[in-house]
Amino acid sequence: MTVQKGYKKRYKTGDTPWDIGKPDFNLVEGVTKHPILACSALDIGCGTGDNSIWLAQNGFQVIGTDTSEIAIQKAKEKASRAGVKCDFRIVDFLENPVKGAPFGFVFDRGCFHSFASEKDRRRFAQNVAAHLEEDGLWLTLAGNADEDRRGPGPPQRTAGEIISAVEPYFMILSLISTHFGSNHPNPPRAWRCLMQKRYAA
Ligand SMILES: C[S@@+](CC[C@H](N)C(=O)[O-])C[C@H]1O[C@@H](n2cnc3c(N)ncnc32)[C@H](O)[C@@H]1O
């Protein structure tokens with residue numbers, strides 16, 4: 001089963017532990033501490049939209065894309081309840097370009113890390129670069145392989161796997177060992193990687 005189909009099935013059965021009903025604190029910290037100024041932004045694999053909505057509430061013009069119809073429908077409903085303008089669309093980021101590029105900022109929480117092959121992660125990184133303006137920024141939150149896992153959880157990537165996929169297209173500004181935002185006492189360990197598009201990438 002493809003990554004995309006696997007997620008669609010999980011939204012159908014309600015098996016979505018990543019869906020915490022609020023923006024991830026790593027996004028909030030990453031944007032406010034750098035700081036990343038409000039601009040046009042793309043949230044890849046936006047799920048039910050909490051991170052996109054937070055960005056829009058903070059002045060970003062946001063497009064959120066996902067392959068799950070259920071997730072996009074929920075995201076639209078959340079934005080409408082919050083009275084926030086966000087453009088949510090069904091787009092498979094590995095297969096199709098997102099209209100509206102170039103963006104100043106790309107965010108993804110748990111989408112890039114989903115791809116098990118080096119080839120797909122590189123393709124993902126190359127596609128992100130192609131959607132960014134010169135000097136544009138990408139913030140990714142990815143599962144961290146340094147966690148000694150017992151039981152289920154998000155995909156885990158080593159720092160080396162992340163670096164090897166992104167480095168041809170991005171300068172790494174910071175790579176921080178953290179944990180995912182969560183409503184549970186022992187959240188999964190994560191990487192927070194902020195990158196800047198290389199010249200001519
Ligand atoms: C772990 S979930 C995270 C969802 C959301 N970012 C969040 O934090 O709640 C990963 C998301 O990526 C989406 N996804 C997977 N492959 C994708 C692709 N090729 N294009 C767009 N979205 C994709 C899935 O449908 C899923 O919603």
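Me: How do the residues of the shell around the ligand divide into nonpolar, polar and charged?
Reply: Keep in mind that this is a predicted model. The ligand is surrounded by 22 residues, and the closest are Tyr-7, Gly-45, Gly-47, Arg-109 and Gly-110. Sorted by class, the shell comes out as nine nonpolar, nine polar and four charged.

Me: Which element gives the most to that shell?
Reply: Two elements give two or more residues each: helix H1 (3–13) and strand E2 (61–66). The top contributor, with three residues, is H1.

Me: Are H5 and H6 parallel, perpendicular or oblique to each other?
Reply: Helix H5 (residues 118–131) and helix H6 (residues 159–166) pack with their axes 8 Å apart, at an angle of about 50°. Roughly parallel would need an angle under 35 degrees, and roughly perpendicular starts at 65. The two helices are therefore oblique.

Me: Which residues of H6 make the contact with H5?
Reply: On the H5 side, you'll find Glu-118, Arg-121, Arg-122 and Ala-125. Across from them, H6 puts in Ser-164, Ala-165 and Val-166.

Me: Now the sheet: which strands stand at the edges?
Reply: It's an open sheet of seven strands with mixed pairing, in the order E3-E2-E1-E4-E5-E7-E6. An edge strand has a single partner, so one of its sides is left without a neighbour in the sheet.

Me: What is the bridge partner of Asp-66 in E3?
Reply: E2 and E3 run parallel and are joined by four bridges. For Asp-66, the partner in E3 is Ile-90.

How values were computed. Residues are numbered from 1 along each chain as its sequence is written. This is a predicted model: local features need pLDDT of at least 70, side-chain atom pairs count only at pLDDT 80 or more; totals for chains, interfaces and linings use all residues. A residue is near a molecule or strand if its C-beta atom, placed from the backbone, lies within 6 Å of it. Ala, Val, Leu, Ile, Met, Phe, Trp, Tyr, Cys and Pro count as nonpolar, Asp, Glu, Lys and Arg as charged, and the others, Gly among them, as polar. Axes are lines fitted to C-alpha atoms, for helices over the stretch in contact, and angles run from 0 to 180 degrees between N-to-C directions. Angles under 35 degrees count as roughly parallel, over 145 as roughly antiparallel, 65 to 115 as roughly perpendicular and the rest as oblique. Two residues are in contact if their C-beta atoms, placed from the backbone, lie within 7 Å. Two strands pair if DSSP finds at least two bridges between them.
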